[in-house]
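Here are a few notes for a first look at this structure. Please read them with the model open.

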Amino acid sequence: MRKLIWLGWVACLVLAACSNESGTGGGGEEASRTAEGMACEASSEGTSTCASDGSAWLQCRAGAWKQVEACTSCTVGTRGVSCVPVPASLPEGGGPISGPTLGGPCGEVRTAGRCATPTRVEFCSVPTGNGDPFLDAFDCPTGQSCSLVNGRATCSLTGACVEGDTRCAGGNQLETCTNGAWVASACPGRCTGSPIGSFCAAAVASRAFSAQVAYEARSANDTRTDWGPPFQAPAPGFLVLSYANGELLDSAQTDATGAFSLQVPTAPGAQDAVVVALAASNEAGGLAYLVADPGFDAIVQADPGAVGNNPRLWAYAFTTASLTDGAPLLITESMGSGAARVYDNLRFAYAFARAQYAGTPGKPLVVWLGYGTSWTCGTCYAAVPVRAFDIPFDSQMWLGGATENQQFWADSVTAHELGHWTMDSYSFPPVEGGPHVLSVPTFPGQAWSEGFATWFSSNLRQDSVYLDKQGGTMFWLDIAQRSYSQGAPWQRPTPPGGLTQSMDENEVSAILWELSSSGVTVSHTMYGALAAPRMTARPFVGRGYTRRVWQVGPDGVPVNVLDTGEGIPFLADYLDSLVCGGFPPDTVNAATDPGAAYPYPSDAPVCTP
């Protein structure tokens, strides 16, 4: 089993590892008869498959199947095409539509990554916020190997299960994944399944205990000058664990009101505890997300990815002997309830995004929040895989915990970063990241990424106001009114600038807000357009925009700009996806105002990737 360090009671929580990578599957009838150069139907435009002999990943473009990548083996699975690239194709050559030579901080390595070795993924990491791009790599865990899944380098299973996973096989038998196969062992008592894996329950006399979990939170005061007084909020979807003699006895998840019921020792000892932990299952045998403290020994500003000497899962312990049936378990501010607020937002956003995509779970995510810890990127998200507490996750988010800001109360900020996670999980982010300044226009890729994230935040909360506290000062913007609280100018695009002009990221948010406000079911349609082939499948040549890398001068204006030549999607591609999917052009025109602002030609969308 896996060990996961947590806050303030016992040494570890026992968790099962997770992975949502499949990357395998039959090629299907279409793949078996497909070859490069053969014709493909218009309805297949932008979709991917494998060559009939498994030697290449193919994409339907302009009526014919064209090679994207050469493969030693290519299969079509539930997550799409999985291609194990041939060594000669590195870095990502291998076909008529492969990309140009790259440059910048990552050299020849793309943001989609590559298989540097059969078990090592190398990629260009581009954090959101003010993070700079950098070259990164990670090794696949035991039982997995590197392959390209829909164009992204990732680790895929080679065995029957994920190393270290556990499951119950009968009332008193525990199975553990060892060397890619399930190995059974007998439990002294009962085997218990839980949201975070299965375990042998502590062999003690027990009884049922029921209670309700709540936490203290704050929101902005009426004048938006600071955070208001604390209030109590229910804690739905929180994990509750019962410990006896240092071993797990039972687990439960709170319902919509924060209520739960589980087994506790009949005669609890002084060290027995009921623990509320900030971790959740994806309901498919894996861990969906958790909130963790990076564990620095002092107040620091750290780079994304750094951890201290004592990283731990955020969790809150209540001595079992002190509990009364039905009495609430309250997570107070002094216990660190700001992390609970972040988790509650994460829970809500995860469920919301999953509902937009027919129950498909998003990428497993770790959110790092440490009281007193700030990050060089501000607050940011990146598709950087990590083995946190010996558990694999596909992505990470870093939230500021500076005392003067208490940014964990800023629901709009947490939801904004989860907008980046949503785009990364269900679409293809433009990964055009770097420093940017409020109200200063930025490049189309970054404007699209940041603008979508702010719109997602507002759409999720049903509130057009985005509010944050930085440097001890509150500020906000309203994407419905196109206004900033500090009097900064709201710069709209102009028709002569064309579709690829630099834009205020919040103008993108405002356009999306107008679109989503045009009908009851419109936002669901908008999420569907985000996941359409032209927004998810390389090489993104629809409107011809390519990713930039830059630095920022003293006035906030980009300097030392480098065009990497790597095709990425942006706002115009997304609007094409909407209109080509049947979205009313007049509604798009009302939001973009092409005659006076953004000149998107809704009457002439580009409907091929």
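Which residues of helix H6 (residues 522-530) are buried?

1. The model is a predicted one. In helix H6, the buried residues are Val522, Ser523, Met526, Tyr527, Ala529 and Leu530. Viewed down the axis of H6, these buried residues fall within an arc of 155°, so they line one face of the helix.

2. How is H4 placed against H6? The two helices pack at an angle of about 150°, and their axes are 13 Å apart. Angles over 145 degrees count as roughly antiparallel, and H4 and H6 are therefore roughly antiparallel to each other. Their crossing is left-handed.

3. On the H4 side, the contact is made by Trp448, Phe452, Trp455, Phe456 and Asn459. On the H6 side, Ser523, Met526, Tyr527 and Leu530 take part. Sorted by type, the residues of this contact are seven nonpolar, two polar and no charged.

4. A separate point concerns Ser602, which lies in the segment after helix H9 (585-592). Is Ser602 buried or exposed? Its relative accessible area is 8%. Buried means under 20%, so Ser602 is buried. With neighbours within four places in sequence left aside, Ser602 is in contact with Val579, Pro585 and Asn589.

Technical notes. Residues are numbered from 1 along each chain as its sequence is written. This is a predicted model: local features need pLDDT of at least 70, side-chain atom pairs count only at pLDDT 80 or more; totals for chains, interfaces and linings use all residues. Side-chain values use heavy atoms; hydrogens and water are left out. Buried means under 20% relative accessible area, exposed over 50%, partly exposed in between (1.4 Å probe, protein chains only). Helices (H or I, at least four residues) and strands (E, at least two) are DSSP runs, numbered from the N terminus. The arc is that of the directions from the helix axis to the C-beta atoms. Axes are lines fitted to C-alpha atoms, for helices over the stretch in contact, and angles run from 0 to 180 degrees between N-to-C directions. Angles under 35 degrees count as roughly parallel, over 145 as roughly antiparallel, 65 to 115 as roughly perpendicular and the rest as oblique. A crossing is left-handed if the near helix is turned anticlockwise from the far one by less than a right angle, and right-handed if clockwise. Contact means heavy atoms within 4.5 Å. Ala, Val, Leu, Ile, Met, Phe, Trp, Tyr, Cys and Pro count as nonpolar, Asp, Glu, Lys and Arg as charged, and the others, Gly among them, as polar.
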